[in-house]
Amino acid sequence: MAAMLQAIGVASPSVAFSDHYNKSSVSSIRSFPVIRSGLRSISGSGHGSFKPGKVITKATATQTEKSASTTSKPGHELLLFEALREGLEEEMDRDPRVCVFGEDVGHYGGSYKVTKGLAEKYGDLRVLDTPIAENSFTGMGVGAAMTGLRPVIEGMNMGFLLLAFNQISDNCGMLHYTSGGQFTIPTVIRGPGGVGRQLGAEHSQRLESYFQSIPGIQLVACSTVYNAKGLMKAAIRSENPVVLFEHVLLYNLKERIPDEEYVLSLEEAEMVRPGEHITILTYSRMRYHVMQAAKTLVNKGYDPEVIDIRSLKPFDLYTIGNSVKKTHRVLIVEECMRTGGIGASLTAAINENFHDYLDAPIVCLSSQDVPTPYAGTLEEWTVVQPAQIVAAVEQLCQ
Amino acid sequence: MAIWLSRSRKIAHFLNPKIAYFLQPEDFSYKIHVNYVNSSSFRTLSGENFRSPHAFLDNSATVSALQRRCRRPESTRAGEQVETRYSDDDYEDENQAMDFPGGRVSFTHEMKFISEAADKRIPCYRVLSDDGYLIAGSRFEQVDKETAVKMYKSMVTLQIMDNIFYEAQRQGRISFYLTSTGEEAINIAAAAALTSDDVILPQYREPGILLWRGFTLQEFANQCFGNNADYGKGKQMPIHYGSNKHNFFTISSPIATQLPQAAGVAYSLKMDKKEACVVAFTGDGGTKQFRSDGVVVKGQAYGIRSIRVDGNDALAVYSTIRAAREMVIHEQKPVLVEALSYRVGHHSTSDDSTKYRPVDEIEHWKTARSPLARFRKWVHKNGWWTDDEESELRGSIRKQLLNAIQVAEKTEKPQLAEMFSDVYDNLPSNLHEQEKSLRETIKRHRQDYPTDVPL
């Protein structure tokens, strides 16, 4: 009954690492990620290893290691939105307190089909269609959570969550604290964000950084079929409120994932491609642009280390730190706007903690500080493209 | 389903449990506008009663959504959509009416605007006159001696508690306070009409409910002083009580944040099939800032049954809440109760309300319209309460409060570690670091930090 983690490269804590920490705490080193208990093998034929498989998306390099187990299981292939659904369904089977609220999640099956079929299976009370009232149904989720349920709240688009910001910030994030621990808010708030294909400015929002300041919540961003399912399950099982960011353009990614149950850690980054020359930090859709650039870079003789940070709050400074210590150069590639984005916050965190290890200033590639234009060509130019990434790496590695 | 009781310091009930049949409460008479006759035939969105889907909506997505609705599974259904049933005029001719979600809509060739204000305001249900006499012909739920005396004593306790804590703030012993003066009947009568299983989502002027449910004066004092016996561990302002064992949600200052949350609690109770309801409270700040006839008229706008009651009449409030709770539990739908009252005190210790209202108005409501005085007269007349008991009670409560304050003041504050606890379920590394950093700073500059906070 092994739980499988994709974050290979997170070795056991290195003692030397702590010496350079200003805050001098060994305990601040992230310990080896906790594997959630209560897992069960779904298929009867025992454990197996996760075979890193054929990831069909062209821009992804898969260097995941096999686990120690011998027999390989074929797993099953599915799309990212199906993986999200699978994770959600497994959790709903496992725990009757898990419920879903959102616009069109019930009868329609979700605007991105993440909840397709769930209302038929669990009933339209447990998979509840809400009116177009984000503040109301997010607040409803808070109230339900405070009385023992575990709601999964879907924002049809993350931009709409701005209307629920008060409930997320003041209540989700705070009521556990202000009640002195008497009430917990185990909600998951999830939905698609990011720049799509000509969805217009209001529907192309990258709001991750807006939520980053809120104490009491955790933020994760999924990017592959594998981590989508694992993070969904982890988010639901967490006692804390978690915001799970999906990306509109990644829902149709296809990948083979294990048949066995697995849950990922919410606080861990994912080593996508180990390397020596430079650390490239990214998340969500930009991971694919980075990997595409990585191909070009490899041909040009560079060896980039690519890390999908996955956890936006808290940052996995352990994995990131190890990488910086090795490569001494950092490039951040994000879809957020330049000002006040995740990259800005990450830059500060790395500078503060690993300043001594850097041979060059951190470079952050982001979108411009403009609302996303509707015209297709302009829209493309607001998003960081592989060519820019290649150029930035070449520049940094001079 | 839920009953949403709203009052002008309003009470919202959310009832959630099972049951779908409609009970016509015969015991109580109340002047409410009820358009519901029975729930057996509702014509809008359920499959069978559906007449001509094409008649009203061109949008095929909507039509197919409706059709999907017909194939709703049996398990865990959302509540039946009991639509308001409008009077069914005999319009055979399609030209005189059309089917529309919600019922048939008849046509008119007159262009008539509905007035922004009705001719008459919605009348207000009351049972006790200002002098404490039962109004002839009124129907209400009788309150026995034990309950009535407990209610009255609680109202007195609440009043005295408010006075003394307010004074304590003025003396600088606590940092903040706000009173419920003038709203004691709403607090106590509502609490008395509910059970301890009913979940309360307060705004902030409902401590009487906690009091009724057994929260002690010491517990109130502890929260106001933010000491280590406070259930909130000193993390919220005074009067922001919260107690999960009393089914009283922790107060959050911003107005009306608890209203959507109440829907969630209702949902939860419904899933658990509990025979209990949710009551969410909000005041004028949450409802009455606009030009309508209060919030009771908004009930119909939301398809919610509503009633207006005299919030200073403890018996009327008690009866109304009892009736509403029954309705909510048996019919599984929200009810909105608007309790008219007057906030006698200032908004809080940070407010001087004489700046925006006349002093004689405050005086009038404080004395002539006092809910305590009115209820006392009735209790007195029944021979259930004497003046001696009154002065004894007041003296005793006062003493207890002063003692509670003294004890609370001397009790240690929460430890420094509590500043970082309960942000998450476990302490994450960044908070761990920040706590360490803070401790080091305090060690280096001990004189700059409060000495009464245990490290």
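Domain bounds in this passage come from an automatic or database domain assignment. For chain B of this predicted model, that assignment gives domain 1 (4–106), domain 2 (145–410) and domain 3 (416–448). The C-alpha centres of domain 2 and domain 3 of chain B lie 36 Å apart. As a guide to reading the numbers, residues are counted from 1 along each chain as its sequence is written, while chains are lettered from A and ligands numbered from 1 in the order in which they are written. Local features need pLDDT of at least 70, side-chain atom pairs count only at pLDDT 80 or more, and totals for chains, interfaces and linings use all residues, with side-chain values based on heavy atoms and with hydrogens and water left out.

The meeting of the two chains comes next. With contact taken as heavy atoms within 4.5 Å, 42 residues of chain B touch 49 residues of chain A. The buried area, meaning the accessible area (1.4 Å probe) that two parts lose on being put together, summed over both, is about 3,900 Å² between chain B and chain A, and carbon and sulfur atoms give 59% of that area. The two chains share 15 residue pairs in polar contact, both residues being at pLDDT 80 or more. Such a contact is a pair of N or O atoms within 3.5 Å; within protein, one must be able to donate a hydrogen and the other to accept it, and residues adjacent in sequence count only if both atoms are side-chain atoms.

On the side of chain B that touches chain A, the elements giving two or more residues are helix 2 (60–70), helix 7 (258–272) and helix 14 (429–444) of chain B. Helix 7 of chain B gives the most, with nine residues. Here helices (H or I, at least four residues) and strands (E, at least two) are DSSP runs, numbered from the N terminus.

Two loops of chain A hold backbone details to look for. The peptide bond from A:K313 to A:P314 is cis, with omega near 0°, and A:P314 lies in the loop between strand 12 (311–313) and helix 10 (317–327) of chain A. A:S284, a residue other than glycine, has a positive phi near 55°; its place is the loop between strand 10 (278–282) and helix 9 (286–299) of chain A.
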